[in-house]
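Please open the structure in your viewer and keep the selection tool at hand. The tour moves from one selection to the next.

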Amino acid sequence: MVNKELDMIVFGATSFVGQIICRYLLEEHTEPNFTWAMAARSQDKLEQLRAELGEKSVSIPVVIADSFDDAALMAMCERTEVIISTVGPYAIYGEALVKACVNTGTDYCDITGESQWMKRMISHYSEQAKTSGTRIVHCCGFDSLPSDLGVKFLQEQAQKKFGVYCSEVKMRVKVMKGTFSGGTVASGVNAFKEAAQDPEIRAEMRDRYSLCPEGHNNSGRQRAIGMEYDEDFSSWVGPFIMAAVNSRVVLRSNALLQERYGTEFRYDEGTLAGDGVNGRKLAKRMKSGGRLFGLMLAVSPLRWFALKFFLPKPGEGPSLKEQQEGFYDLRFFGKTDTGDEIRVKVTGDRDPGYGSTAKMLSQAAISLHRDVDKNKVPGGFWTPGSTFNDALYKRLSSYAGLSFEVLEDEAAKEAVEQPGD
């Protein structure tokens, strides 16, 4: 073991999310004896960021490294215990950094939601990561940490209460206030472009088990929510745009935990639309809107038109005011094979894709370095649910504005109130 110069490096510090992370680490987070640096490809942009961050940033080192410069990435990784990356689309800009991390034994966290890229990285570098001891944890932002840790929290509470895990869990978005950024849109666009050119990727996108390791025993029949009435929530339900990647991550967690939740475990996600006629109409609009958005990204002329005239560009995102005013409230419902039921509530206090994601990613990386024993979680490609322990729940509650709560009795009734009530 070699003690490195820095605890953490923020790679992509000048990106939209990267800037939020740096400001958060300077102004909000307190961690004794914690050293970190800002990294990006442009010296000028890094100096501009440092100037905007003020006097507190003067002592923070800056590192120059380009996503395609192998030597610079290797040198950067040699200096730190863990890297967090905000440089997307990851399918375009991410592989060289993953390679550098596994070559140097450097732990890594990111906020990708690109399942086709994650599958490639697992295929290309999994064995090498095991050998070098590198822990790679994708999806440490709103994709897919609240879903994955929400399921894990629910299952741990079910085990305490019933003595068994739930064989069925569903997540429903009760309310969410936030916006897309250009980076998120760019990642989605690239995924559709890759799928259009490669039938194997199209097949992956249809397979909810695409991220599970070979030889896994998960066999529960998974499904995607279109539009339906959910008796457990007394509400109509529409699709949730992040369900595709979130469900794959949750199912991979179950596989990596040796099917702890069962080989027939089922999981799905949707958005609550409310009861009655109005709820049905809203769920129908959600379904139609989701199909239209998918068509827009899949068809080249429509994609060009949308990108040119109304979708945000890379580097764009919500204002500071919008980030601070954002929030989300997710509800989880679990049922055991014997019919016992449990409900859990997960909330966040900022815009989910930016303000909250920045805090989640930061705390996940710090926790990976400081709280996760390498003997228990050795080198390899992991998920939030298969990696982190109670220490991260405490960090997220104390430093990141998240809450994890079991809904009991009267509180459980509140879980099925109309969205936004």
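The stops below visit a helix, a strand residue and a pocket in this predicted model.

**Stop 1: the helix α7.** Select residues 145-162, which form helix α7. From the first C-alpha to the last, its 18 residues reach 25 Å, close to the 26 Å expected at 1.5 Å a residue. Colour the helix by accessibility: α7 is mostly covered, with 13 of its 18 residues buried. Then step just past α7 to G163, where phi is positive, at about 85 degrees.

**Stop 2: V173.** Next select residues 168-177, strand β7, and pick out V173 within that strand. Is V173 buried or exposed? V173 counts as buried, because its relative accessibility is 3% and the cut-off for buried is under 20%. Show its contacts beyond the neighbours within four places in sequence: they are F240, G270, T271, L272, D329 and L330. For a distance, pick the C-alpha atoms of V173 and D198; the two residues are 25 apart along the chain, and these atoms are separated by 32 Å.

**Stop 3: the second largest pocket.** Select I122, S126, P213, E214 and R252, which of the 21 lining residues are the closest to the centre of the second largest pocket. The space in this pocket is about 480 Å³. Which element gives the most to the lining? Helix α6 does, with 8 residues. Show α6 (115-132) together with α10 (243-256) and β13 (380-382), each of which supplies at least two lining residues. Coloured by class, the lining has 9 nonpolar, 7 polar and 5 charged residues.

Note on methods:
Residues numbered from 1 in each chain as written. Predicted model: local features only at pLDDT ≥ 70, side-chain atom pairs only at ≥ 80, totals over all residues. Heavy atoms only, no water. Helix = DSSP H or I, 4+ residues; strand = E, 2+ residues; numbered from the N terminus. Buried < 20%, exposed > 50% of the residue type's maximum accessible area, 1.4 Å probe, protein only. Contact = heavy atoms within 4.5 Å. 1 Å grid on protein atoms, 1.4 Å probe; cavity = no way out; pocket = protein on both sides within 12 Å on 5 of 7 lines; lining within 4 Å. Points joined across faces, edges and corners; volume = space filled by probe spheres on them. Nonpolar A, V, L, I, M, F, W, Y, C, P; charged D, E, K, R; others polar. Expected span 1.5 Å × (residues − 1).
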